[in-house]
Amino acid sequence: MNFSKRKKLLVEAISASLLAGKEILKVYQSEDFEVQLKSDNTPLTIADQRAHHAIISVIDNLGIPILSEEGEHLNYEERQKWEQCWIVDPLDGTKEFIKRNDEFTVNIALIDDETPVAGVIYVPVYEQLYFADIELGAYRVDKIRDWDKDLDVLLQKSQKLPLEQNRSETLIVGSRSHMNEETKQFIENWKQDKKEVKLISKGSSLKLCMIAENEADVYPRFGPIMEWDTAAGHAIVKASGGKVLQYNTNLELKYNKKDLMNPSFICTR
């Protein structure tokens, strides 16, 4: 897929993320919202569903199949025919949403030949947008509200990632809701090898955003995490010059696999 086409698709993905963010905030700012459990015992709210429908309303007519956490998951015999696809998490960090700690995001990634080539992460509460393309680079823009789909104007308002930092310590970012023994051991091993190591806890795909920004150096993930949780962040990290590699093989994570669960991985600058 050429750069010109990806830019047009990126514009639509940004628009879809902003629309989804508005739907999420309507629920988040309401007095109460119902929480259901899906078949895998993960939580689901009406905000997840409304965000899903908002995104679909924008990107469904673009001629590229969609793999969304809240949508229908076709079997691999069908999906393996896709050269490109969207991978979408309409509300990443539902547990953070339910806890009302603001650390939840909208994730939209464009996949080409199993590789994330463009990605969008929107943080509704902070009105903060991360977006990237493998040729364009990775960017962050703050306090984005309405947008007229002019990518050049958006780029002028954005900061290119990674940001310049000057620190002596190594910052490891970990999951706020999914810390396990393997992750704790990895962190302990790093502390033995490095002079100064600090652990930061963060929810949702914001951990990947911190690596892309250069606000953290390492994000280890051991334990279950699905493709839609990482695809958009992977695209943004990669476009910023970072890496998302399988823990055991050092190969880049792949997408639209037969098994939609990711292996353990390490994300670094």
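Me: Does D89 count as buried or exposed, and at what relative accessibility?
Reply: This is a predicted model, in which local features need pLDDT of at least 70, side-chain atom pairs count only at pLDDT 80 or more, and totals for chains, interfaces and linings use all residues. Residues are numbered from 1 along each chain as its sequence is written, and side-chain values use heavy atoms, with hydrogens and water left out. Buried means under 20% relative accessible area, exposed over 50% and partly exposed in between, with a 1.4 Å probe and protein chains only. D89 therefore counts as buried, at a relative accessibility of 0%.

Me: In which strand does D89 lie, and which residues does D89 touch beyond four places in sequence?
Reply: The strand of D89 is β4, where helices (H or I, at least four residues) and strands (E, at least two) are DSSP runs numbered from the N terminus. D89 and N107 are 18 residues apart in sequence, with their C-alpha atoms 5.0 Å apart in space. With contact meaning heavy atoms within 4.5 Å, and residues up to four places away not counted, D89 touches E69, T105, V106, N107, W228 and D229.

Me: Is α1 roughly parallel or roughly antiparallel to α2?
Reply: Helix α1 (residues 3-28) packs on helix α2 (residues 46-59) with the axes 8 Å apart and at an angle of about 155°. The axes are lines fitted to C-alpha atoms, for helices over the stretch in contact, and angles run from 0 to 180 degrees between N-to-C directions. Angles under 35 degrees count as roughly parallel, over 145 as roughly antiparallel, 65 to 115 as roughly perpendicular and the rest as oblique. The angle therefore makes α1, relative to α2, roughly antiparallel.

Me: How many nonpolar, polar and charged residues has the contact of α1 with α2?
Reply: From α1 come E12, A16, L19, A20, E23, I24 and V27, which meet I46, A47, R50, A51, A54, I55, S57, V58 and I59 of α2. Here Ala, Val, Leu, Ile, Met, Phe, Trp, Tyr, Cys and Pro count as nonpolar, Asp, Glu, Lys and Arg as charged, and the others, Gly among them, as polar. By these classes, the contact of α1 with α2 has three charged residues, one polar and 12 nonpolar.

Me: Is α7 roughly parallel or roughly antiparallel to α8?
Reply: L208, I211 and A212 of α7 meet D229, T230, G233, H234, I236 and V237 of α8. The axes of α7 (residues 206-213) and α8 (residues 227-239) are 9 Å apart, at an angle of about 5°. That angle makes α7, relative to α8, roughly parallel.

Me: Near what omega is the cis peptide bond from L161 to P162?
Reply: P162 has its place in the loop between β9 (159-161) and β10 (170-175). The peptide bond leading from L161 to P162 is cis, with omega near 5°.

Me: Does N214, with its positive phi, count as buried or exposed?
Reply: N214 is not a glycine, although its phi is positive at about 75°. The place of N214 is in the loop between α7 and β12 (218-221). At 15% relative accessibility, N214 counts as buried.

Me: Where is K149, and near what value is its phi?
Reply: K149 counts as partly exposed, at 41% relative accessibility. The loop between β8 and α5 is the place of K149. K149 is a residue other than glycine with a positive phi, near 70°.
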